Amino acid sequence: MKEIAPNTPVIVGVGFYQNPTDDPAACPEPYEMMVEAVRDAAKDAGRPDLVTAIESISVEQGMWQYRNPGKLIAEAIGCPGARSVLADLGVLQLTPLFDLFAAIQAGEVSMGVVTGGEAKYRDLRAKITGTEVSNYQEPEDTPPPDVYHPTPDPFATQAESNAGIMMPVELFAVIESALRAEQGLDIESHRDQVAELYSEFSEIAAANPHAWNREPVAASDIRNPAGKNTMLAFPYTKKHNSQWNVNQSVAILVCSVERARALGLNESQWIYPVSAAQSRHVVCLAEQRALHTHPGTVVAGQRAYELAGISADNIVAADLYSCFPSAVQSFARDLKLKRNIPWTVTGSMAFAGGPYNHGALDGVARMVEVLREKAERDAAPGYGLTSNLSGIFGKQAVAIFANKPGPEGYRYEDVTDSVAAIDKPVPSITEYDGPARVLGYTVVFHKDTITHGFVYGETPDGKRVVARSDNQEALKVMTQKEWVGETVTISDGKLFSIESAASVVNQ
């Protein structure tokens, strides 16, 4: 193997912090949690004093309102001159990490950290207990971050907005129905399959020391609504969903190889980014050509494999973005990952914790630990893959890491233009009366009661419509019989109806 270039980025430390206390007054606020995670990452690297030498601090925007969180963290850990970076909601969560890798390769910095933190459980407990908790108020003259990444990308089409669909659980449940139909599964078998997958994830979370919930959950307790595990958007119960009521933070500390060696850091603990690819081409769900597969994932995955010089068969562990089960399954399908490897190393956002906007960082940080453990057992390189999406599969990113240097160091490519050339949106319309073939659908619940449902349909001339129904009888049928591929009648551009529910369910 040729000598690794001195400006090759390498992950030297990862840090985790969580505070499960029920007393909101005893829990730090988000930026303080990020400070603790950064300190833990330096400790993990073997040098707690590294925090004062950090040159760049990148933060993922959370539910908090700090104007310049990177500066707050820098002042707390003793590196006030560090560059502060803030990535807004909708920016792929892996992008700040890719940017740090690129800055190190370019010689702009030699050591930086990417972090995120959330205290949603603290806020929830404060509301429940009537406890007042205070958060740091930045002075009005606080400067903006040195680097700010905004995102102007749309979340939904006008057709979706008109129909009243807006909650992520509803949108990802629609994708789930398309995945079910693509596999040729009946509704009950599909529900069994997804529940078993997530039960396995809960067992992985139980073995993850950083997981929020470390209790294994039986498949039947995930699949079937009961008690607090209510049905949300069919077929998803609450236990299928990302758990964002957490107090968690994470940090990933990255150095150039030259700087890490100069600091005397233990090379046996280093994990190498080998390749990464991302697509920032956005197509809203209603206008995607297929709901169960995404060209951005396919192209980014293929390119990440090519840049690393490997195939999917070389991946020993993955952490696929797991906001909802359909995200995991679609990523696995498009990245050609089989069930012979774990699709999560954290235990998924449903059990390990799904902080608002840094779950992908948790996946990378836990992957570092998993690949280190493999290096201790096996001399052969171990490759781990993490993925990330933004919006409703509007953007996609794939990264490959290893416990040995890549043959070409670290390689990255933005595949946005390549994806845009092949992923042309299908026109959606808001005014339509007539038949439409169902491409995906969901039925929405409030506690035990069906409230409404949505279909994503295709008109005879190939356009897309999104429609709603409040007919409980018809919607109940749609939880019992597969409706993808069937025809509904659209009226007023946003309402759908089916023939007699009693006759349909007995077919």
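First, a term: an axis is a line fitted to C-alpha atoms, for a helix over the stretch in contact, and angles run from 0 to 180 degrees between N-to-C directions. Helices (H or I, at least four residues) and strands (E, at least two) are DSSP runs, numbered from the N terminus.

I noted the ground rules. This is a predicted model, where local features need pLDDT of at least 70 and side-chain atom pairs count only at pLDDT 80 or more, while totals for chains, interfaces and linings use all residues. Residues are numbered from 1 along each chain as its sequence is written, and side-chain values use heavy atoms, with hydrogens and water left out.

**Entry: helix 6 and helix 7**

I looked up helix 6 (residues 168-183) against helix 7 (residues 187-206). Their axes are 10 Å apart and the packing angle is about 110 degrees. Helix 6 and helix 7 are therefore roughly perpendicular; angles of 65 to 115 degrees count as that, under 35 as roughly parallel, over 145 as roughly antiparallel, and the rest as oblique. The crossing of helix 6 with helix 7 is right-handed. A crossing is right-handed if the near helix is turned clockwise from the far one by less than a right angle, and left-handed if anticlockwise. Glu 176, Arg 180 and Gln 183 of helix 6 are in contact (heavy atoms within 4.5 Å) with Ile 187, His 190, Gln 193 and Val 194 of helix 7.

**Entry: helix 6 and helix 11**

Next I took helix 11 (residues 325-334). Helix 6 packs with helix 11 at about 45 degrees, with axes 8 Å apart. The two are therefore oblique to each other. Here helix 6 makes a left-handed crossing. On the helix 6 side, the contact includes Phe 172 and Leu 179; on the helix 11 side, it includes Pro 325 and Arg 333.

**Entry: backbone**

Which peptide bond is cis? I found the one from Phe 234 to Pro 235, with omega near 5 degrees. Pro 235 sits in the loop between strand 6 (231-233) and strand 7 (236-237). I also checked Ser 348. Its phi is near 85 degrees, a positive value in a residue other than glycine. Ser 348 belongs to the loop between helix 11 and helix 12 (359-377).
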